[in-house]
Amino acid sequence: MSKTINSISDLIEILKTDFESFNEDIWFRGQSNFSWKLFPGLMRLSEAPSEGTLLTRFKQSAGMLINASPKDDFDWLFLMQHYGVPTRLLDWTESPLTALYFAVIEEENDDFDAALWSLKPTELNKIANISTSEKNFIPSFDDDELKMYSVEKLSSNPRNKLAPIATIATRNSPRIQAQLGVFTIHHLDNKSIEEFCANEEVCKYKVPADSRENIRKELELLSINKFTLFPELSSIGETLKKGLK
């Protein structure tokens, strides 16, 4: 049975008891519906075009709208993810409060239990045979471990199917910095992350539907809100508008 989070104090108790003896990184992800699995956006589509096709079409229209051209296809994937295009990337955060915000913020889903996921990134990477003597090593998109996950490699060798891996990237936007963003990236195996795991690499906690509003209020008291997580002009306008009667 999954543990239940009805308040931020429940979250703190879970973190203290479940991860007291684990001294490496822990990542978190919030999802509005408890039944949803850990699939990246591209793999949630029933009839998805190839990622290469999406990338080509995105480049076609985005080229003249950006100040500096991304240095490689991974940078293009980050840009696509940032603007809502489905990719093989799945967003995680190093902040449990940020993840809890994303679990409860969508009021249109208030009839559903939400989920807060935790992930041990170094343990997940061992499934993909990424393990070193260096404590808490997590590869970046510039490292050799990620070469087989590039768009080019996937299109040139579609038969190999590797496990998803946890990776870090340069936080090159105010949004990803504010959210302490990190990522997992899938290869070609169309399985959710939890289906690869067997030894508590991931853990799922339930946020009951009737606790969502209370948790939103607690997060607001701690200044975990739209503006602090999306430090952009549009967030200021939305926040001011929300306060008007």
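This is a predicted model: local features need pLDDT of at least 70, side-chain atom pairs count only at pLDDT 80 or more; totals for chains, interfaces and linings use all residues.

**Entry 1: helix 1 and helix 4**

I began with helix 1 (residues 8–18) and helix 4 (residues 96–104), and I found their axes 11 Å apart at an angle of about 135 degrees. Angles over 145 degrees would count as roughly antiparallel, so I noted this pair as oblique. The crossing of helix 1 past helix 4 is right-handed. I then looked up who touches whom: I8, L11 and L15 come from helix 1, and P96, L97 and L100 come from helix 4. By class, that contact has six nonpolar residues, with no polar and no charged ones.

**Entry 2: helix 2 and helix 3**

Next I took helix 2 (residues 51–62) with helix 3 (residues 73–82). Their axes are 11 Å apart and the packing angle is about 80 degrees. That angle makes helix 2 roughly perpendicular to helix 3. On the helix 2 side I listed E51, L54, L55, F58, K59 and A62, and they meet D73, W76, L77, L79 and M80 of helix 3. The class count here is eight nonpolar, no polar and three charged residues.

**Entry 3: more on helix 3**

I stayed with helix 3 and asked myself which of its residues are buried. My list reads F74, W76, L77, F78, M80 and Q81. These buried residues pack against helix 2, strand 2 (89–93), helix 6 (151–156) and strand 5. At the start of helix 3, a side-chain oxygen of D72 comes to within 3.1 Å of the backbone nitrogen of F74. Just after helix 3, G84 has a positive phi of about 85 degrees.

**Entry 4: T184**

Strand 5 came up in the last entry, and I picked T184 from that strand. Is T184 buried or exposed? Its relative accessibility is 0%, so T184 counts as buried. The side chain of T184 makes a polar contact of 3.1 Å with the side chain of W92. Leaving out residues up to four places away in sequence, T184 touches R88, L89, L90, W92, L119, L124, I165, A166 and I193.

**Entry 5: T167**

Then I turned to another threonine, T167, which sits in strand 4 (residues 165–167). Its relative accessible area is 0%, so T167 is buried. What does the side chain of T167 reach? I found the backbone oxygen of P139 at 2.8 Å. Beyond its neighbours within four places in sequence, T167 is in contact with W27, I138, P139, S140, F141, L146, V182, F183 and I185.

**Entry 6: H186**

My last stop was H186, in the loop between strand 5 (181–185) and helix 8 (193–196). H186 has 0% relative accessibility, and therefore counts as buried. A polar atom of the H186 side chain lies 2.8 Å from the backbone oxygen of K191. I also looked up the spacing to M43: the two residues are 143 apart in sequence, while their C-alpha atoms are 9.0 Å apart in space. M43 is among the contacts of H186 once neighbours within four places in sequence are set aside, and the others on that list are L38, P40, R88, Y149, P164, K191, S192 and I193.

How values were computed
Residues are numbered from 1 along each chain as its sequence is written. Side-chain values use heavy atoms; hydrogens and water are left out. Axes are lines fitted to C-alpha atoms, for helices over the stretch in contact, and angles run from 0 to 180 degrees between N-to-C directions. Helices (H or I, at least four residues) and strands (E, at least two) are DSSP runs, numbered from the N terminus. Angles under 35 degrees count as roughly parallel, over 145 as roughly antiparallel, 65 to 115 as roughly perpendicular and the rest as oblique. A crossing is left-handed if the near helix is turned anticlockwise from the far one by less than a right angle, and right-handed if clockwise. Contact means heavy atoms within 4.5 Å. Ala, Val, Leu, Ile, Met, Phe, Trp, Tyr, Cys and Pro count as nonpolar, Asp, Glu, Lys and Arg as charged, and the others, Gly among them, as polar. Buried means under 20% relative accessible area, exposed over 50%, partly exposed in between (1.4 Å probe, protein chains only). A polar contact is a pair of N or O atoms within 3.5 Å; within protein, one must be able to donate a hydrogen and the other to accept it, and residues adjacent in sequence count only if both atoms are side-chain atoms.
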